[in-house]
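Me: I'm new to this one. Can you walk me through it?

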Amino acid sequence: MATPIRIKRSAVPGKRPQVTDLQVGELALNTYDAELVTLRDRFAQTGIATEVVRVGAGATVTNIIYVTNDGNDNNTGLKLGDAKGSIAGAVAISSTGSIIRVSSGSYVENNPIKLPSQVSIVGDSLREVSVTPQNAGSDLFHVSPGNYVTEMSFTGTMNSGKAIFAFDSEKPRYSTQSPYLRNCTNFIQNSIGMKIDGNAVFGPFKSMVTDSFTQYNANGIGVSISNGGYAQIVSLFTINNDIGVSVSGGGQCDVTNSNSSFGNFGFVADGVSPRKNSGLIVTAQPANSDTFEINLSSTTFNIGNFVYDNTTGLATVTTTANHNFEVGMGVSLSSITLQCPFGQKTYPDGDVGYVFDVKSVPSADTFTTHVGISTVAHTYVSGGNAKIDVVRPFDGQVVYFDKLYKEVKKITVTDGGSNYTSAPTITIASPTVDHGIIATGIAVVKNGKVDSIDVVSTGRGYESTPSITISGGGGSGATASLTMTDKYYSVLKSTPLSSGISTITVNDNVPYAVGVGTTVPVHKQSRILASSHSFEYIGTGTDLIESLPSRGGVTIQENEVDDRNGGLTIFTSTDQAGNFRIGDGVVIDQQSGTITGTFYSKSLFSTMTPFILALGGD
């Protein structure tokens, strides 16, 4: 064993202590007062010129856990020289406030790795720390509130639909702080980089945030947000993904200064959430109104039984009358008396909030909901109330009035035909309702074929998909199909609830009269809000080589943004040619020097038509 440095204190005040024995090797220093000289000074006194000193196994720090390639999960992990051998091994002994430091190396992990709340995993370097899932059929990390993960790459294989980061759907947690993922790269094909499922977490923050996350996961999804989940993203780079960012079921993503390259689709916003609640019109309004007074009051139901599984956090609630709740609704619980080994308690007590999402409706008088896991069992004693949670309507919610109508979103040319010398006439069938308006389109002819058809008017009042015909223009054989979208009205503003009543203003005039008692269902819209986004070669596919332009990859411009079933993407972007877009409304083509887009076409149409009529044209 190496002999330690032995230092004795000087008998002369102010004089440095003298080194009486020095052996280069493992150094063990006893604790002395502030008169001790630095290691560099001591080596200089003895004539040894060196800059590197290895200090044993290091000191123990209880909230830092070390992981190294040559470590062992049987080690304590509390010193660098006594490190764990896997991230999972470190997580197993972690607790709130722990920092797991991962040294450079490749780690094959027994996944999913379930992180406790407020635990950080910090790698040495993005390029030098590689994590591979052992189980392709499971997510890699299940994150919790307050997690921070940074400086690592992910390699290997995973089954389609499995994620690098996801919430634990088997044990949803109450979240008050988003997990934060930073400076990582995902190389695993078919995987999802971040899967933010609002059904797998509850509370005010069903969300994750990220900065500098590169997704090189061919045929996968960069970020998937569903069921009311939410994400704020900066510097996301998706390459050869099936979908760069996908939102559905009322999910929302705010993405800034990011890029989507190659792949099938850039952004996909699909549908709305399940019905959150419904209101009834209080005051009749004439056609073309945009402001409505609605009663959003909900009925309170007494609870007759409350069966709670503390290991999964799932509660089965029975009401004394049929409740009419639906999956996805928020339900407020109160005044439930439970018994546990520590006595009786009134639940909920606010530790996990008071509002919970309906997971299933087994029968007309029962529903299930996740209320959080516990280390102890609880038994229902008595009492309790349940009612639909009603909040002041807000921007991001959408409504309709009794019936959900449709309008034309896109016209796709299915056969360009031949021999066209001018633009043919596009005829779309009329809607059947009195307030309906026929949709219109303008054909663009190139090389004797119908190349595209721009939507000039989306029409309104369609109850199903109408027919479309192409005629004239000197040619024949061209055909096209219509893609319809549901017509929701976005809430722009509302008054505070007073006795359950709120006055809302929507984004568009409702073209028909709305009577007293009209039902107004309320949904959360699936939305992507993107600024300064770069789309490059979207539509060329997910093959890393064949998607390249030099190998024949062909872009599909309309796949950059695909809004489906009432979903909405609000964006500004540029593409590989430098063309600038403000949504679908305005497109500035730098190569041709032209301005197009639905807003521009509508504006031009409304301006030029009266002008032509004034000149006597037709």
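Me: Which salt bridge does Arg182 form with its side chain?
Reply: The side chains of Arg182 and Asp211 meet in one, at 3.6 Å from N to O. A salt bridge here is a side-chain nitrogen of Lys or Arg within 4 Å of a carboxyl oxygen of Asp or Glu. This is a predicted model, where local features need pLDDT of at least 70, side-chain atom pairs count only at pLDDT 80 or more, and totals for chains, interfaces and linings use all residues. Residues are numbered from 1 along each chain as its sequence is written, and side-chain values use heavy atoms, leaving out hydrogens and water.

Me: Which strands does that pair tie together?
Reply: Arg182 lies in strand β13 (residues 180-186) and Asp211 in strand β16, so the pair ties together parts 29 residues apart in sequence. Strands are DSSP runs (E, at least two residues), helices likewise (H or I, at least four), numbered from the N terminus.

Me: Is Asp211 buried or exposed?
Reply: Asp211 is buried, at 18% relative accessible area. Buried means under 20%, exposed over 50%, partly exposed in between (1.4 Å probe, protein chains only). Arg182 is partly exposed, at 32%.

Me: How many salt bridges does the whole structure have?
Reply: A search finds 15. One of them joins Lys406 to Asp486, with the closest N and O atoms 2.8 Å apart. Lys406 is in strand β36 and Asp486 in strand β41 (residues 476-486), so this pair links parts 80 residues apart in sequence.

Me: What about Glu109, which has no salt bridge?
Reply: Glu109 is buried, and the nearest side chain of opposite charge, Lys84, is 12 Å away. For charge, Lys and Arg count as positive and Asp and Glu as negative; His and the chain ends are not counted. Glu109 sits in strand β5 (residues 105-109).

Me: New topic. How many residues are in the largest nonpolar core?
Reply: That core has 50 residues. Ile100, Met152 and Phe165 are among those with the most contacts inside it. Apart from it lies another core, of 22 residues, including Val317 and Leu333. A nonpolar core is a set of buried Ala, Val, Leu, Ile, Met, Phe, Trp, Tyr and Cys residues joined through side-chain atoms within 4.5 Å.
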